[in-house]
Amino acid sequence: MTKIDIFSGFLGAGKTTLIKKLIAEAYTGEQLVLIENEFGEIGIDGGFLQEAGINITEMNSGCICCSLVGDFGKALRQVMDTYHPDRILIEPSGVGKLSDVIRAVQDLQMPDVVLNGFTTVVDAAKAKMYMKNFGEFFNNQVEHASAIILSRTGGMKQDKLDACVALLREKNPTATIVTTPWDELDGKQLLAAMERRDTLSAALEELAEEQEHHHHHHEHGEECGCGCHDHEHHHHEHGEECGCGCHDHENHHHEHGEECGCGCHDHEHHHHEHGEECGCGCHDHEHHHADEVFTSWGRETAHPYEQQELAAALQALDTGDYGQVLRAKGIVAGTDGKWLHFDYVPGEVEVRTGAAGVTGRLCVIGAELKENALASLFHLD
């Protein structure tokens, strides 16, 4: 029986870092496969994880829950037939809904796999902001987790940490919540926390209840009459949040500085034209599709960068001049012959040296991105 572990978490929370730690310290001796769903077309994290010797199946245009549900099933069966792994790790896009990914696995009805755990990584310093601004996506990841692992808790004031845990507990009273900084724990401790069966059962039960409610409203072939699938008639006043997700990126009412977090789709590849219904069955009365909320900009380039120059460009993303940037990451050549790996979330920039890539890659995720300005910022115009 192959175990399936799903790693959810908002953009930049640290999912890839956690997976690397578990591979190194907890999954030793296991045959592993990672199924990774990037936002946008250019895969970045795959390169980081290949260094750890893990087999990766990347799916780069769409989210598991909807547009790629068929491809997802094909990928999962191909992985099973080719590798016969002990464990499959699924890392959805930072803006995917955890409930949709769980359903996508359940709907495949594969007898030789078992859902083992649903882990959500939460940036403790940003949880309150993301919950307020992007609650539909962020809260879904929290509510359906069997374990919540907080990142960036080191040096955090106790009252801030307590407030973060209290917010998460309001959304999920049963999940294991790990608050200890990761460098004080080994992977085996984290895995033990992730695999507590009572919390997993609670998460599965909650999802089953949700699914039962969903089927009550949507008999096979019927349309829901709640009006949340009508692309033509959205009546959201400025500042209101709609839960349906079917908006295109030109019609969002996020104030400057607010962040929208779903990010699983490239805006050039909308999979739901006006009037079309998504066949994933994951709609409820408040359901947005990520490609209608977030956009991505990505480029491959051989252009070399100085480390300070790259850091300054990333810091400039905080200004708002390039749209509402939520996440940037990539691998590019350095002017000194070394390769630079970079990560950005609002207010935090990291540039480090690392393994060479086959070519340079940059990926930026956010809302209402200004693509020409981004191209100019990174000298790619």
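Two strands pair if DSSP finds at least two bridges between them. I kept that rule at hand for the first entry, where helices (H or I, at least four residues) and strands (E, at least two) are DSSP runs, numbered from the N terminus.

**Hairpin.** I looked up strand β10 (residues 339-345) and found it running antiparallel to strand β11 (residues 348-354), with seven bridges joining them. Picking out histidine 341, I saw that its bridge partner in β11 is arginine 352. The β10-β11 hairpin has two residues between its strands, and glycine 347 takes a positive phi near 85° there.

**Ground rules.** This is a predicted model, so I noted that local features need pLDDT of at least 70, side-chain atom pairs count only at pLDDT 80 or more, and totals for chains, interfaces and linings use all residues. Residues are numbered from 1 along each chain as its sequence is written, and side-chain values use heavy atoms, with hydrogens and water left out.

**Confidence.** pLDDT is the predictor's confidence in each residue, from 0 to 100. I read a mean of 76 for the protein chain, with 67% of the residues scoring at least 70. Helix α10 (residues 307-316) has the highest confidence, at 97, and helix α2 (residues 45-50) the lowest, at a mean of 50. Over residues 40-44 pLDDT stays under 50, and the model has 27 contacts (heavy atoms within 4.5 Å) for them beyond four places in sequence. Residues 60-69 are also below 50, with 38 contacts beyond near neighbours in sequence.

**Cores.** I checked the nonpolar cores, meaning sets of buried Ala, Val, Leu, Ile, Met, Phe, Trp, Tyr and Cys residues joined through side-chain atoms within 4.5 Å. Buried means under 20% relative accessible area (1.4 Å probe, protein chains only), exposed over 50%, partly exposed in between. The largest core has 46 residues, and Ile6 and Phe138 are among those with the most contacts inside it. Helix α4 (residues 98-108) gives this core its largest share, six residues. A second, separate core has 24 residues, including Trp297 and Leu380. Back at isoleucine 6, I listed what it touches beyond four places in sequence, including Ile90, Leu98 and Phe118.

**Threonine 16.** I found threonine 16 in helix α1 (residues 15-25), buried at 11% relative accessibility. Its side chain makes a polar contact with the side chain of glutamate 91, at 3.0 Å. A polar contact is a pair of N or O atoms within 3.5 Å; within protein, one must be able to donate a hydrogen and the other to accept it, and residues adjacent in sequence count only if both atoms are side-chain atoms.
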